[in-house]
Amino acid sequence: MTKRKLLFSGLALTLPLALATVLILHPTRAKSEDKASPTEVRVDNFTFGPDTLTVPVNSTVTWVNKDDLPHVIASTDGVFKSKALDTDDKYSYTFSKAGTYAYYCSIHPKMVGKIIVQ
Amino acid sequence: MAKKKLSDPNANGFIEHDHNNDGIDRRGFLKCMAWAGTGALCVIEGGVLKSHALASQMGSEMKSHKMGELSFVQISDSHMGFNKPANPDVIATLQAAVDKINALPEQPEFILHTGDISHLSKPSEFDNVDQILKATNKEIFFVPGEHDVLNDEGVMFRERYGKNSKGQGWYSFDKNGVHFVGLVNVMNLKAGGLGTLGNEQLEWLEGDVKHLKSSTPIVVFAHIPLWSVYPQWGWGTDDSGQALSYLKKFGSVTVLNGHIHQTMQKVEGNVTFHTAFSTAFPQPAPGQGEGPGPMKVPAEQLRSILGITDVNYVQGRHALAVVDSSLAQEHWSSLVFQNHYTEK
């Protein structure tokens with residue numbers, strides 16, 4: 001089945017099903033060579049991967065720093081902030097409320113990302 | 001802003017475009033942006049810009065510019081604690097910088113460190129740097145890099161290096177008629193933005209320079225470049241334009257920055273911008289490569305792209321000279337420029 005057809009059928013379905021379809025449309029992320037779990041964000045080469053991550057309520061998202069330089073994960077609204085993460089350090093935060101959480105690296109503020117909790 | 005990459009760093013050149021009749025060829029300056037490891041020496045002397053291949057003639061060039069009322073050294077980005085392949089021994093390369101300072105034929109009066117002293121803001125990292133720099137036996141002025149204020153909003157940094165500073169660590173001082181201003185642009189950074197000075201600091205700066213004579217040479221130093229080197233990689237400061245507007249009346253303004261681990265220079269009106277080598281590890285030229293992380297180079301090349309900056313203020317000739325020196329003696333990259341302010 002092509003992506004276009006998938007998208008079409010998704011639009012015709014109810015909201016949760018549509019979301020599931022969207023996840024199916026991005027199978028490469030879940031199957032990436034590093035086997036990143038669906039709640040993991042890799043910080044690599046000054047970018048967040050994925051830069052937008054959608055998770056269910058009460059999910060714990062884990063950031064792992066794969067750069068040779070430290071990064072600091074900070075919510076734009078001050079909801080969460082990690083300590084400085086050196087290479088391979090991890091930081092986790094559990095999202096108990098639905099919403100869109102914009103975040104950035106507070107020492108490299110060009111690095112921005114989003115967690116969508118639904 | 002026009003930015004030109006140096007295609008042939010060793011080409012000789014003379015002034016071709018002196019639109020303001022001030023003896024400064026701005027296009028020529030842009031050509032002379034010295035990228036890491038290219039090893040160009042650019043000298044403006046008597047209104048003539050020359051760019052030299054860096055070899056044996058360096059020695060005599062250097063000596064002829066070392067006579068002045070004030071000289072100081074800038075070092076930057078020691079990243080003590082960094083231990084990745086780009087440089088597994090940042091202690092040794094900082095030590096090499098110190099040895100080089102101590103070997104300068106005319107000893108500089110003091111040292112500026114433009115931030116990222118430490119890699120992870122750890123007390124032991126600051127201790128190591130302090131211990132190594134002690135061997136210079138010189139007064140050292142610091143401004144923080146983002147790596148120095150990681151987990152405590154800069155409290156430890158200010159306790160160690162900012163006892164007489166204002167706000168989040170900014171201050172000014174005078175040496176031999178030159179007014180030095182240390183600024184902090186690594187705190188309270190906003191998502192999606194660049195370096196930030198903030199209103200409180202800008203107000204302080206305006207007041208700090210208001211009563212100075214326009215003939216006073218100004219040297220501003222801060223970690224992140226105060227000009228747009230490459231905003232896509234965060235190499236710039238959002239409100240630097242506001243800061244520079246307070247310095248318009250001065251005939252001679254020199255801006256010294258670190259952060260990008262390579263030397264670049266630019267002249268814009270009365271302001272000369274300059275970024276310094278890191279003593280720890282190189283980073284790629286703007287936009288070259290995938291991102292602004294540490295760049296691994298062959299071990300034998302590493303010391304040729306790490307270094308110190310030697311700044312010489314010559315009162316009689318109204319000139320500030322900025323000379324970058326890599327840790328390997330045979331490679332130099334420098335800019336010597338003549339300012340065009342008038343002594344009143």
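Reader: What is the mean pLDDT of chain A, and how many of its residues, in percent, reach 70 or more?

Author: The mean pLDDT of chain A is 80, and 69% of its residues reach 70 or more, where pLDDT is the predictor's confidence in each residue, from 0 to 100. Over residues 1-34 of chain A the pLDDT is below 50. This is a predicted model, in which local features need pLDDT of at least 70 and side-chain atom pairs count only at pLDDT 80 or more, while totals for chains, interfaces and linings use all residues. Residues are numbered from 1 along each chain as its sequence is written, and chains are lettered from A and ligands numbered from 1 in the order in which they are written.

Reader: Why is H3(B) called roughly parallel to H4(B)?

Author: The axes of helix H3 (residues 90-103) of chain B and helix H4 (residues 123-133) of chain B cross at roughly 30 degrees and come within 9 Å. Angles under 35 degrees count as roughly parallel, therefore H3(B) is roughly parallel to H4(B). The crossing is right-handed, the near helix being turned clockwise from the far one by less than a right angle.

Reader: Which residues make the contact?

Author: H3(B) contributes Ile91(B), Leu94(B), Gln95(B) and Val98(B), and H4(B) contributes Asn128(B), Val129(B), Ile132(B) and Leu133(B); contact requires C-beta atoms, placed from the backbone, within 7 Å. By class, six residues are nonpolar, two polar and none charged. Ala, Val, Leu, Ile, Met, Phe, Trp, Tyr, Cys and Pro count as nonpolar, Asp, Glu, Lys and Arg as charged, and the others, Gly among them, as polar.

Definitions and conventions
Axes are lines fitted to C-alpha atoms, for helices over the stretch in contact, and angles run from 0 to 180 degrees between N-to-C directions. Helices (H or I, at least four residues) and strands (E, at least two) are DSSP runs, numbered from the N terminus. Angles under 35 degrees count as roughly parallel, over 145 as roughly antiparallel, 65 to 115 as roughly perpendicular and the rest as oblique. Two residues are in contact if their C-beta atoms, placed from the backbone, lie within 7 Å.
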